[in-house]
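Student: Please take me through this structure. I want a close look at one part, and then how that part sits in the whole.

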Amino acid sequence: MPVLRPRRFLPTVLMILAAFFVITQPHKAAVAVNVAVNAVQTIAQALTTFSNGLG
């Protein structure tokens, strides 16, 4: 059995927990993804507005 490197251990555990969350509570997972995407879009819009203001 391969041993996980320390830097790959945490992402693997997070992916397993995320998959478990999606399987057990799909509605809450969809809401969480929607909120995250909206946050990324808001940040991108703010950065665009800021960069346009620089000239």
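Tutor: Start with the count: the protein chain has two helices and zero strands. The model is predicted, so local features need pLDDT of at least 70 and side-chain atom pairs need 80 or more, while totals for chains, interfaces and linings use all residues. Residues are numbered from 1 along each chain as its sequence is written, and side-chain values use heavy atoms, without hydrogens or water.

Now look at α2. Its 29 residues should span 42 Å at 1.5 Å a residue, and its end C-alpha atoms are 42 Å apart, so the two agree. The expected span is 1.5 Å times one less than the number of residues. Just after α2 comes Gly 55, with a positive phi of about 100 degrees.

Pick one residue inside. Gln 45 belongs to helix α2, which covers residues 26-54. Gln 45 is exposed, because its relative accessible area is 55%. Exposed means over 50%, buried under 20%, and partly exposed in between, using a 1.4 Å probe and protein chains only. Its C-alpha atom is 28 Å from that of Pro 11, which is 34 residues away along the chain.

Compare the other helix. Leu 17 sits in α1, residues 6-24. Leu 17 is exposed as well, because its relative accessible area is 51%.

Now step back to the whole. Buried residues are 2% of the 55 in the protein chain. The C-alpha atoms fill a box of roughly 55 × 30 × 10 Å along the principal axes. The radius of gyration is 18 Å, whereas a compact globule of 55 residues would have one near 10 Å. That radius is taken over C-alpha atoms, and the globule rule is 2.2 Å times the number of residues to the power 0.38.

Key: Helix = DSSP H or I, 4+ residues; strand = E, 2+ residues; numbered from the N terminus.
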